[in-house]
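Work through these exercises with the structure open beside you. Try each task before you read its solution.

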Amino acid sequence: MVLGIVGVVAFAGYWAWRLQSNIHEAPLSAGHATADATNDATDPLQILIIGTDTRSGADSNYGTTADSSGYGNSDVMILLNISADNKVVSMTSFPRDLMVPIPACHDPQTGKDYPAQAVGQINSAMMEAGPGCAVDTVNQLTGLKIDHFMVADFNAVKDLSNEIGGVQVCVNAAIDDPYSGLKLPAGTSTVQGEMALAFLRSRHGVGDGSDLSRIKSQQEFLASLARKVKSDGTLTNVPKLLSIADTITQNLTVDSGLANPQAMITIASRLRSVDLAKVAFVTAPWEPYTGDPNRVQLKQPDAAALFDALRQNRDLTAPAPTQSASATPSTAPSAAPTAPAYDKTLQPVTVANGTGITGRASELATFLKGQGFAQTSEFNAAATDTTNVYYSANFADVAKDVAAALGIPSSQVQPADNINGVQVYVGSDFTSGTHYTPKLPSNVVSQTAAQTTCQTAFGQ
């Protein structure tokens, strides 16, 4: 009995040492406030999963010498959200060509400081100052506080797919992509090692040849991986779990909070009972970037609705109906002229009722008066689908505060020439309560982990 206990303790100690020695560690932030202390076992978790394109070390076969130094670009960026009760899980992909604001970042390795950028390509944040800069960028973009990150290189994908015996993927037509090396017949195939990596890397062989098509391949692969791991009972098989952990941690960089084998096992145990139909794969809503068709930007208000839902750990598998474009401000008269100083009690604020519900504007006007905006008035306006806050010159700060009081995202606050002061134009997406909940588009979820999908070959 005693010998058995000693053996178990020794086994656990060996694996703890083994895994700990594998792990590479980097700061969670590049100089900005980090997440609050989180209980990995019971709290909601946000984990940023990053795939780096660095060609250093064992990855040198995939690029040139010039590619082999530094952090690399974050060619894959997926935000994993797990609700506190483990019933809602989402994996949100950010296109590598997404143009976003990038905060000032400090590189912990070189000590170099990088200034904030009004707009930059999201995958360049890590290249500048490491994974902490990528975390800070996504935090700023989404309003979330990421708890952990994992940075995996090419070999992590190959080794993991080999360790679990391959992953089934489907393509609707044969693919032969010389750029990535992907060769697959039409239909379902099991990929592992180099072919698994090629499936995840291929752009020219799938969809329209863009990174956005590659995201679909990544989502299909991860969904299939989740189904296999669950059907094999991997998350409840400790020896198998430790073997997989040993494999992937050799090619993994994590934050200090995750640089602990027990933390990884704790998170894995949370996922073992998740309903795969509630694991949602999402791509951040996007549209072509102004001035450069080869780049994309967030599409609003859809992106704001998604990020609000992520902050609230809402079930993305049951989204609200799609909203239509917003109306222009009503031309009804506003309140009295503004005072020169920002005194809440003197600001002209109107609530335009575009909901079609009698008394809705009065309800919100009363609320805003309770928030200190004493000069708030209301009127009925033409029907509109989407709520917006409009403001005239010199009222941007007031509009921001009015929107914040009602929970309206900053993406739905905009200037207008035909009003005086601030106008809350209330639409059919805000018919009750005093806190606005953005509506998710109906197609926000690409697929769930329970769904088997088939990737489209290039040109099909």
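How many helices and strands does the protein chain have? The protein chain has eleven helices and 23 strands. Helices (H or I, at least four residues) and strands (E, at least two) are DSSP runs, numbered from the N terminus.

This is a predicted model, in which local features need pLDDT of at least 70, side-chain atom pairs count only at pLDDT 80 or more, and totals for chains, interfaces and linings use all residues. Residues are numbered from 1 along each chain as its sequence is written, and side-chain values use heavy atoms, with hydrogens and water left out.

**Exercise 1. Describe the chain as a whole.**

Step 1. Start with burial. Buried means under 20% relative accessible area, exposed over 50%, partly exposed in between (1.4 Å probe, protein chains only). Of the 460 residues of the protein chain, 50% count as buried.

Step 2. Look at contacts, meaning heavy atoms within 4.5 Å. Take those between residues at least 6 apart in sequence: 73% join residues at least 24 apart.

**Exercise 2. Find the disulfides and say what each one ties together.**

Step 1. Apply the rule: a disulfide is a pair of cysteine sulfur atoms within 2.5 Å. The count comes to two disulfides.

Step 2. Take Cys-105 and Cys-133. Their sulfur atoms are 2.1 Å apart. The link of Cys-105 and Cys-133 is right-handed, with 80° about the S-S bond. Cys-105 lies in strand β6 (residues 105-106) and Cys-133 in helix α3 (residues 131-142), so the pair ties together parts that are 28 residues apart in sequence. Cys-105 and Cys-133 are buried.

Step 3. Take Cys-170 and Cys-454, joined with S to S 2.0 Å. Cys-170 lies in strand β10 (residues 167-171) and Cys-454 in the segment after β23 (445-448), so this pair ties together parts that are 284 residues apart in sequence. The torsion about the S-S bond of Cys-170 and Cys-454 is about -70°, so the disulfide is left-handed.

Step 4. Is Cys-170 buried or exposed? Cys-170 is buried, because its relative accessible area is 13%. Cys-454 has 29%, so Cys-454 is partly exposed.

Step 5. Write the pattern. With bonded cysteines counted along the chain, it is 1-2, 3-4.

**Exercise 3. Explain why helix α9 is described as largely enclosed.**

Step 1. Count. Nine of the ten residues of α9 (residues 302-311) are buried, so the helix is largely enclosed by the rest of the structure.

Step 2. Name some. The buried residues of α9 include Asp-302, Leu-306, Phe-307 and Leu-310.

Step 3. Find the cover. It includes β3 (74-82), β4 (89-93), α3, β15 (279-283) and β17 (292-298).
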